[in-house]
Amino acid sequence: MIKVENLTKRYAGQPAIQDLNFEVGKGEIMGFLGPNGAGKTTTMRILASFMPPTSGRATVAGFDVFAQSLQARAHLGYMPENVPLYSDMRVTEYLDYRAALKGVPHRRVAERVGDVKELCGLKEVENKLIAALSKGYRQRVGLADALLHEPDLLILDEPTIGLDPNQIRQVRDLIKNLGKQHTILLSTHILPEVEMTCSRVIIIHKGRIEACDTPENLLGKIRQAGGVLLEAKVGADNGAEELKKISGVRDVIVDSDGDWKIFSLRVESGADVREEIFRLATTRQWRVRELTQRRATLEDVFVEITHSDSI
Amino acid sequence: MRKFYTLLSREVRSYFHSPIAYVVLIFFLLIAGVDFYFQVSFMNQRQVQYTVQEAFFNSVFFWFAFVLIFPLITMRLFAEEFKLGTIEPLMTAPVRDWQVVLSKFFGALIFYIILWIPPAFYFVIFQYVAGQPAAHSAGAYSGSYLMLLLLGMFYLSIGCLASVLTKNQIIAAIISFCAITLLFFLGLVQFILLDVSSAARDLLGYFSAIEHMGTFSRGVIDTRPIVFYLSMTVVMLALTHQAFQSRKWRL
């Protein structure tokens with residue numbers, strides 16, 4: 001559905017994205033992750049034909065986004081970041097206008113507008129001015145707009161930003177449902193969302209793709225590099241000093257809760273140090289109340305990849 | 001064609017959704033009304049060599065209001081879309097750049113034409129009340145309205161170009177106001193600088209909106225200004241289209 005080859009975009013000589021290469025297959029939900037300023041919006045704008053790349057090529061549904069931009073645009077539904085809308089129009093009026101603009105046949109406009117209003121829960125605000133809508137509803141109008149012409153592909157730039165937890169859940173469910181018929185590329189900061197909805201994830205950092213895999217595989221790569229949490233009364237011992245001597249322990253951070261000391265251990269990947277810690281605790285007669293291996297989340301993957309240079 | 005019509009109808013509607021349309025309408029009708037009243041009362045007191053209709057379209061009042069309305073009509077066209085970011089959903093829909101540019105231009109033109117409908121009734125009312133025609137021939141009406149249309153197209157296209165250059169409406173208004181005022185005064189140079197050669201004077205005469213309006217409102221249809229204004233409008237719209245496209249590369 002999407003094919004990107006050596007895509008580069010420079011703003012005034014400063015590269016925003018460099019040599020991106022990826023593909024999104026039909027029916028996939030691809031998550032696009034990265035810190036602010038990593039180049040997510042730039043990439044999505046290029047894919048939506050809003051601006052041309054400096055070099056490289058991108059095709060959407062087989063159409064080049066630059067040379068055949070009109071056909072490419074006809075095949076995709078794009079929801080921009082922050083969802084700019086004409087605030088002087090009413091919801092139904094706006095959707096009618098967008099449907100005509102996107103070439104939905106005359107006799108199908110009413111049906112399509114009705115369908116997307118139903119799907120996105122806009123029935124109760126259909127006659128309201130867009131200016132009077134809350135952030136959540138504006139977001140839904142943007143999503144409804146993207147769906148109007150039944151595109152094969154949806155590109156959603158931060159669809160859940162600025163929503164409350166309930167609304168996020170609703171939008172997430174909506175996206176999951178849409179994923180049954182559409183190919184979706186969505187960008188987000190909210191990592192649990194990606195774990196729950198996406199079939200594959202691209203992590204982009206400083207304009208380059210750092211990882212591209214399924215969420216499970218990404219977690220698999222980092223799971224062993226998680227951490228161990230130990231809560232114990234160590235008496236006269238320092239605690240951290242002894243723990244650091246265990247092979248496989250990279251770093252120990254100490255916190256305290258009254259008499260209890262809380263040790264967060266970062267361990268090398270592949271190492272399981274819990275048994276060693278237990279042995280240490282029994283020989284030194286520490287009283288232990290918790291010893292757990294912390295499972296890595298996508299957040300750890302994200303932090304590890306995007307902060308690799310600061311560690 | 002349907003997409004162009006959809007865009008155009010949104011443009012026209014958006015004028016009437018915003019308070020600007022009503023402010024411009026009221027401001028313009030107020031000045032046009034006062035202008036008409038003054039011309040009629042002036043003629044009531046002395047013998048003159050021209051008709052009410054001619055006087056109306058050639059007064060200082062008329063030109064003052066005329067130069068001011070174009071920046072007000074055109075400043076928001078592109079600048080507002082850039083500022084609010086609505087250009088992004090607009091240009092990621094399958095529409096061509098020229099469809100957007102032309103729909104904005106013709107939307108402004110339709111609003112401008114609507115602006116000129118009420119003053120047309122002044123002449124009808126005058127004829128009804130005074131029992132004599134406001135102009136010496138039907139050609140004088142069509143001539144002055146044709147000139148209004150031509151001047152309107154040219155000045156609106158300048159406004160479009162100014163608006164596509166910036167995302168600040170005020171800056172767009174200042175650019176188009178300056179450009180239109182300078183062009184307008186170019187036609188007055190021949191009255192101000194008496195020592196310019198006759199060739200230069202003739203040349204400047206071609207730019208003179210006042211002179212064109214003078215001849216057209218007498219019912220004399222000269223083809224030179226028609227060609228001049230139409231071709232300049234096309235040039236301005238082509239530049240607008242070019243600037244609009246180049247924005248993508250500068251983003």
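1. Strand E9 (residues 200-205) of chain A and strand E10 (residues 208-213) of chain A run antiparallel and are joined by five bridges, where strands pair if DSSP finds at least two bridges between them, and where strands (E, at least two residues) and helices (H or I, at least four) are DSSP runs numbered from the N terminus. A:Ile202 has A:Cys212 in E10(A) as its bridge partner, and in the hairpin, with two residues between the strands, A:Lys206 takes a positive phi near 50°.

2. This is a predicted model, in which local features need pLDDT of at least 70 and side-chain atom pairs count only at pLDDT 80 or more, while totals for chains, interfaces and linings use all residues. Residues are numbered from 1 along each chain as its sequence is written, and chains are lettered from A in the order in which they are written.

3. Between the chains, 22 residues of chain A are in contact with 21 residues of chain B, contact meaning that C-beta atoms, placed from the backbone, lie within 7 Å. On the chain A side, helix H2 (69-74) and helix H3 (91-101) are the elements giving two or more residues, and H3(A) provides the largest share, four residues.

4. The domain assignment of chain A, with bounds from an automatic or database source, gives domain 1 (2-221) and domain 2 (227-294), whose centres, taken over C-alpha atoms, are separated by 45 Å.

5. Because the expected span is 1.5 Å times one less than the number of residues, the 19 residues of helix H7 (residues 97-115) of chain B should span 27 Å, which agrees with the 28 Å between its end C-alpha atoms.

How values were computed: Contact = placed C-beta atoms within 7 Å.
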